[in-house]
Amino acid sequence: MKKLFVGNLASDTSEEAVVALFSGFGTVRSCNLVMDVFSRQCKGFGFIEMEGHEARAAIDGLNGKDFNGKPLKVNFETPRPGRRRR
């Protein structure tokens, strides 16, 4: 299982829309968009979990692709130094 970072999302993006987009490359195991606590709108990024070969295909097919008027940034998640992973 690989975790992907998805960035440059529009604020009105829903998890359902992101899952539908990534489902074209394989089974999406989980989708977690980071939402603003007060407005409940997407903060512009999130994380997707897929199998390894499907994740690589999604990166190749979606990185830089226009989605809701913005070019997506899709790559493997790289944990930030000093942060614990849950």
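I began with Thr-13, which is buried at a relative accessible area of 4%. For burial I used these classes: buried is under 20% relative accessible area, exposed is over 50%, and partly exposed is in between, with a 1.4 Å probe and protein chains only.

This is a predicted model, in which local features need pLDDT of at least 70, side-chain atom pairs count only at pLDDT 80 or more, and totals for chains, interfaces and linings use all residues. Residues are numbered from 1 along each chain as its sequence is written, and side-chain values use heavy atoms, with hydrogens and water left out.

**Around Thr-13**

I placed Thr-13 in the loop between strand 1 and helix 1. Helices (H or I, at least four residues) and strands (E, at least two) are DSSP runs, numbered from the N terminus. I then listed the contacts of Thr-13, leaving aside neighbours within four places in sequence: Val-18, Leu-33, Cys-42, Phe-67 and Asn-68. Contact here means heavy atoms within 4.5 Å.

**Cysteines**

The search of the whole structure returned 0.

**Strands**

I read the order of elements along the sequence as β-α-β-β-α-β-β-β, with 2 helices and 6 strands. I counted two strands as paired if DSSP finds at least two bridges between them. Strand 1 (residues 2-7) runs antiparallel to strand 3 (residues 42-50), and 6 bridges join them. In that pairing Gly-7 has Phe-45 of strand 3 as its bridge partner. Strand 2 (residues 30-35) is also antiparallel to strand 3, over 5 bridges. Cys-31 has its bridge partner, Ile-48, in strand 3. The hairpin of strand 2 and strand 3 has 6 residues between the strands, and Arg-40 there takes a positive phi near 60°.

**Charged pair**

I searched for salt bridges, defined as a side-chain nitrogen of Lys or Arg within 4 Å of a carboxyl oxygen of Asp or Glu. Side chains of opposite charge can pair when their charged atoms come close. The whole structure holds 1 salt bridge. I found that Arg-29 and Glu-51 form a salt bridge through their side chains, at 3.5 Å from N to O. Arg-29 is in the loop between helix 1 (15-22) and strand 2, and Glu-51 is in the loop between strand 3 and helix 2 (52-62), so the pair ties together parts 22 residues apart in sequence. Arg-29 is partly exposed at 47% relative accessibility, and Glu-51 is partly exposed at 27%.

**Whole chain**

I noted that 33% of the 86 residues count as buried. The radius of gyration is 12 Å, which agrees with the value near 12 Å for a compact globule of 86 residues. That radius is taken over C-alpha atoms, and the globule rule is 2.2 Å times the number of residues to the power 0.38. Among contacts with a separation of 6 or more, 61% are between residues 24 or more positions apart.

Note on methods. Disulfide = S-S within 2.5 Å.
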